[in-house]
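Subject: Structure handover

Dear colleague,

Please find the structure below, with notes on what was found in it. The notes follow the model.

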Amino acid sequence: MLIKRRCTATGVVNFFTKQEPFIAIGSVISRTGAEPFVWRYHGDMVAAGGTARDWRDVERAIDTHHRRAEAEQDQARCAA
């Protein structure tokens, strides 16, 4: 489960995990244009980014990258 919070100073929306509510794992800015959302995922082992036309696509992309990173970490723990 991801938590999202908007920074009142910059307008950036940051995504956090319940386990670490003070370190953002993703961020989104909005701009004008055909694809108004620019998102970034800042994982431990994976970093990704892109643009999207609507908010659902942004949330889906960040959630997908987060779940994939968690699965890779679980596999690495099992292999060790």
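**His-66 and its helix**

His-66 lies in helix H1. The model is a predicted one, and everything that follows was computed from it. Is His-66 buried or exposed? Its relative accessibility is 10%, and because buried means under 20%, His-66 counts as buried. Apart from neighbours within four places in sequence, the residues in contact with His-66 are Leu-2, Thr-17, Ile-25 and Tyr-41. Gly-43 stands 23 residues away from His-66 in sequence, while the C-alpha to C-alpha distance between the two is 7.1 Å.

Helix H1 covers residues 55-79. It has 25 residues and spans 36 Å from its first C-alpha to its last, close to the 36 Å expected at 1.5 Å a residue. Which residues of H1 are buried? They are Val-58, Ala-61, Ile-62, His-65, His-66 and Ala-69. These buried residues pack against five strands: S1, S2, S3 (26-30), S4 and S5.

**The S4-S5 hairpin**

Strands S4 (residues 37-42) and S5 pair in the antiparallel sense, with six bridges. Four residues lie between the two strands, which form a hairpin. One of the bridge pairs joins His-42 to Ala-47 in S5.

In a regular strand, side chains alternate between the two faces of the sheet. Strand S5 (residues 47-52) has Ala-48, Gly-50 and Ala-52 on its covered face. On the uncovered face are Ala-47, Gly-49 and Thr-51.

**Pockets**

Rolling a probe the size of a water molecule over the atoms shows where empty space is left.

How much space lies in the largest pocket? The volume is about 280 Å³. The lining is made of 14 residues, and those closest to the centre are Thr-17, Ile-25, Asp-44, His-66 and Gln-73. S4 and H1 each supply at least two lining residues, and the largest share, four residues, comes from H1. By class, the lining of this pocket has five nonpolar, six polar and three charged residues.

The second largest pocket has a volume of about 220 Å³. Its lining consists of Met-1, Leu-2, Lys-4, Phe-15, Thr-17, Lys-18, Gln-19, Glu-59, Asp-63, His-66, Arg-67 and Glu-70. Sorted by class, the lining of the second largest pocket has three nonpolar, three polar and six charged residues.

**Where to look**

Regards

Conventions: Residues numbered from 1 in each chain as written. Predicted model: local features only at pLDDT ≥ 70, side-chain atom pairs only at ≥ 80, totals over all residues. Heavy atoms only, no water. Buried < 20%, exposed > 50% of the residue type's maximum accessible area, 1.4 Å probe, protein only. Pairing = 2+ DSSP bridges. 1 Å grid on protein atoms, 1.4 Å probe; cavity = no way out; pocket = protein on both sides within 12 Å on 5 of 7 lines; lining within 4 Å. Points joined across faces, edges and corners; volume = space filled by probe spheres on them. Nonpolar A, V, L, I, M, F, W, Y, C, P; charged D, E, K, R; others polar. Expected span 1.5 Å × (residues − 1). Contact = heavy atoms within 4.5 Å.
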